[in-house]
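Open the structure in your viewer and keep the selection tool ready. We will go from stop to stop.

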Amino acid sequence: MAKSENQLRDEILDLVAQYQKVKFAPKAFTPGKSPVRYAGRVFDEKELVALVDSSLDFWLTAGRFTEEFESELANWMDLEYTMLVNSGSSANLLALTALTSPLLGDKRLLPGDEIIAVAAGFPTTVNPIIQNGLVPVFVDVDLGTYNASLEQVKKAVGPKTRGIFLAHTLGNPYDAEAFADLAEKQDLYFIEDCCDALGSVYKGRKTGTFGHVTTFSFYPAHHITLGEGGAVGTNDDTIAKAIKSLRDWGRDCYCSSGENNTCGKRFTGQYGTLPAGYDHKYVYSHIGYNLKATDMQAAIGVEQLKKLPEFCQARKENFKQWYTGFKRWEAFFILPKALPGADPAWFAFPVTLKENAGFTRTELTDYLSSKLIETRNLFAGNILRQPGYLDINHRVVGDLTNTDTIMNHTFFLGTYPGLNLEQIEFVLAEIQAFLDLKV
Ligand SMILES: Cc1ncc(COP(=O)(O)O)c(C=O)c1O
């Protein structure tokens, strides 16, 4: 007798689970021969089964897994809305562009308005400011926290300031409560880039719950991965509406994919100067994009989200191991520090070489690389020195001395859950060997 659809599906998924265990069986670590990565995907058979399960639906675009992922992420974050997109960069673009929406009336951001930002970070936290014709106003950051302080941000507020758009650097929370308070008093928008900070907590609240809008990235280096992916979160109905419209081609219609006439007036509305009854499916209330993700990405995300608490715990523990190991070298390195009340789910372990350390960052990272140990710089360093940014319209308040120090002397090691104590001890021993050679 021919097998039923369900039987076949069960058999396929069972085989996929078996395959995952063979194909991705853990490999023994051989010091100096196996790489020590700074980040990577951490998954088991559940992610691969979910991915194939969704591919067997062949729904492809947003569907049952997207709905589940968005609702589980919103629950976990305690946010009213979270919207899945195809990257953290897209999430940042949507978060800021939504604040230019005509739906916000007088409160919308307009070209020339200023947004407070930092130059030490990832480019796509800054890019949406430029892409929307707004003006980034850069402030310096502190060494150790790698975030701007309240004093630095306060000094940058001027008559044209309309917003604050900052990433919690490498998962380390800035004073989000104070920034939210400042934003409220000065009538500013506050956007939290939590691409590296999913699961970090500040004063008992998750980062991403303080601002008007927040963003996440699910690229493989991040706390959970969908391969490519990101999300935008908000508690504000109007902002959420603008984000969805901008994500989905700019359309006014909000039917889920495969649905029609959810609003009940598909052929009876009057929009712009279109003829009465023009099909609502093709009415565009924003100049939008298509930044949606697929249901296959969401399927992986549903399983990854279940692992998020243990992932965050592992990141904290790895950070602690690094910290304990580096403590003896404080003469050479500025160690990372968190604000009082912060409980970071660290994206990485950043260190800055002190002046007169007796060696350069490149000497050290090159040495580590020769032992297959990965390190990374703090992303763009000073973004204003990047070739693509030399001519951008911007202001700097104060100077960017620490930002330049970061560009020249900071690097980070990984904290991701795939890292284990044996690897960390090997790296620490290699750093000691390097120091023995150099100083
Ligand atoms: C702080 C920050 N914002 C935004 C992004 C962009 O995310 P994505 O790579 O998913 O576009 C990154 C990427 O790593 C990031 O670190």
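Start with His222 and the ligand. An N or O atom in the side chain of His222 sits 2.9 Å from an oxygen atom of the ligand. Hide the protein for a moment: alone, the ligand exposes 390 Å², and the protein buries 91% of that. Keep in mind that this is a predicted model.

Next, select the residues around the ligand. There are 16 of them, and the closest are Gly88, Ser89, Asp193, Asp196 and Ser217. Zoom in on Ser89. One of its polar side-chain atoms lies 2.6 Å from an oxygen atom of the ligand. Now pick Asp193. Here a polar side-chain atom is 2.8 Å from a nitrogen atom of the ligand.

Colour helix 4 (88-98) and helix 5 (123-131). Each supplies at least two residues of the shell around the ligand. Which helix gives the most to that shell? Helix 4 does, with three residues.

Now select the cysteines. A disulfide is a covalent bond between the sulfur atoms of two cysteines. How many disulfides does the model have? The count is zero. Click on Cys195: the nearest cysteine sulfur, in Cys194, is 7.9 Å away. Cys195 is also buried, at 10% relative accessible area. Move to Cys253. Its sulfur is 3.8 Å from the closest cysteine sulfur, in Cys255, so the two are too far apart for a bond. Cys253 is buried too, with 6% relative accessibility.

Finish on the surface. Select Trp249, Leu274, Tyr278, Tyr282 and Tyr284. Together they form a nonpolar patch with about 540 Å² of accessible area. Tyr282 lies in the loop between helix 8 (237-247) and helix 9 (295-326).

Notes
Residues are numbered from 1 along each chain as its sequence is written. This is a predicted model: local features need pLDDT of at least 70, side-chain atom pairs count only at pLDDT 80 or more; totals for chains, interfaces and linings use all residues. Side-chain values use heavy atoms; hydrogens and water are left out. Patches are made of residues with over 30% relative accessible area and no salt bridge: like charges are joined within 9 Å, nonpolar side chains (Val, Leu, Ile, Met, Phe, Trp, Tyr) within 5 Å. Accessible areas come from the Shrake-Rupley method with a 1.4 Å probe; for residues, only the protein chains shown count as cover. A salt bridge is a side-chain nitrogen of Lys or Arg within 4 Å of a carboxyl oxygen of Asp or Glu. Helices (H or I, at least four residues) and strands (E, at least two) are DSSP runs, numbered from the N terminus. A disulfide is a pair of cysteine sulfur atoms within 2.5 Å. Buried means under 20% relative accessible area, exposed over 50%, partly exposed in between (1.4 Å probe, protein chains only). A residue is near a molecule or strand if one of its heavy atoms lies within 4 Å of it. A polar contact is a pair of N or O atoms within 3.5 Å; within protein, one must be able to donate a hydrogen and the other to accept it, and residues adjacent in sequence count only if both atoms are side-chain atoms.
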